[in-house]
Amino acid sequence: QVALLTLLAHVGSFVPAKAAVVGTADRIFTRVGASDELSRGQSTFMVEMTEAANILNNATSRSLVILDEIGRGTSTYDGAWAITEHLHDAVGCRALFATHYHELAQLAGSLPRLRNHNVQVKELADEVIFLHKIAPGNADKSYGIHVARLAGVPGSVLTRAEQVLGSLEAGHQLRPPQPPPVDAAPPAPRPKKAAPPAKPIDPPERPRKAKAGPSLFGEPDAAG
């Protein structure tokens, strides 16, 4: 909707809102959905990375970027974490990044122009009602199991999913290890081990004189 409203405003059309402030954008980039290109030998994740690379290489500070998850096919947050920082620090564009990764919400504490918003829900026992409202702040939990229940997933699978989720959240580390600061002093070099003392070289032995003996012809040898 944000991308479509921006496009409508740029062509001079009305937008379905009482009031709207839409800044100018030189381009609109989107990476939404999941599909593969098997005819071209590209998996779903490869298509996703190709689209992300196009955005990172061509977006400017005047662009509008719409992202829906990054790295869902492999890791949980490493690619999304780095892409978010790059768009914030290097590109400086306006971007909307929809994600289910709670780890990314922590970036609001280190990136000054990043803001978290969440879709509000109302919980009733084991049921949730999506209110279709956006509020400031990050969500305190995931509702994937509730969506699966709405989709008709068997109850035994949902029960097991809740058990697995509780176990994983109990031992989950939210914040990944931080890289050392750029101006940090390099670690002190390790002391080198002293080389073992060299073994003394023995002087070469003097050649010994051969004792006189019979020659091939039965005569005394003149050697020596």
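**Pocket lining and parallel sheet**

User: Which residues lie nearest the centre of the largest pocket?
Analyst: The model is predicted: local features need pLDDT of at least 70, side-chain atom pairs count only at pLDDT 80 or more, and totals for chains, interfaces and linings use all residues. Numbering starts from 1 along each chain as its sequence is written, and side-chain values use heavy atoms, without hydrogens and water. The pocket (an open set of points on a 1 Å grid where a 1.4 Å probe fits, with protein on both sides within 12 Å along at least five of seven lines; lining atoms within 4 Å of a point) has 44 lining residues. Nearest its centre are Phe97, Ala98, Thr99, His117 and Asn118.

User: Which strands are at the edges of the open sheet?
Analyst: The sheet has 3 strands, paired in parallel (at least two DSSP bridges per pair). Their order is S1-S2-S3. Pairing on one side only marks the edge strands, S1 (28-31) and S3.

User: Which residue in S3 stands opposite leucine 64?
Analyst: S2 and S3 run parallel over 5 bridges. Opposite leucine 64 stands arginine 94.

User: Which strands does H1 touch?
Analyst: H1 packs on the sheet. Contact requires heavy atoms within 4.5 Å. H1 touches S1, S2 and S3.

Conventions: Helices (H or I, at least four residues) and strands (E, at least two) are DSSP runs, numbered from the N terminus. Axes are lines fitted to C-alpha atoms, for helices over the stretch in contact, and angles run from 0 to 180 degrees between N-to-C directions.
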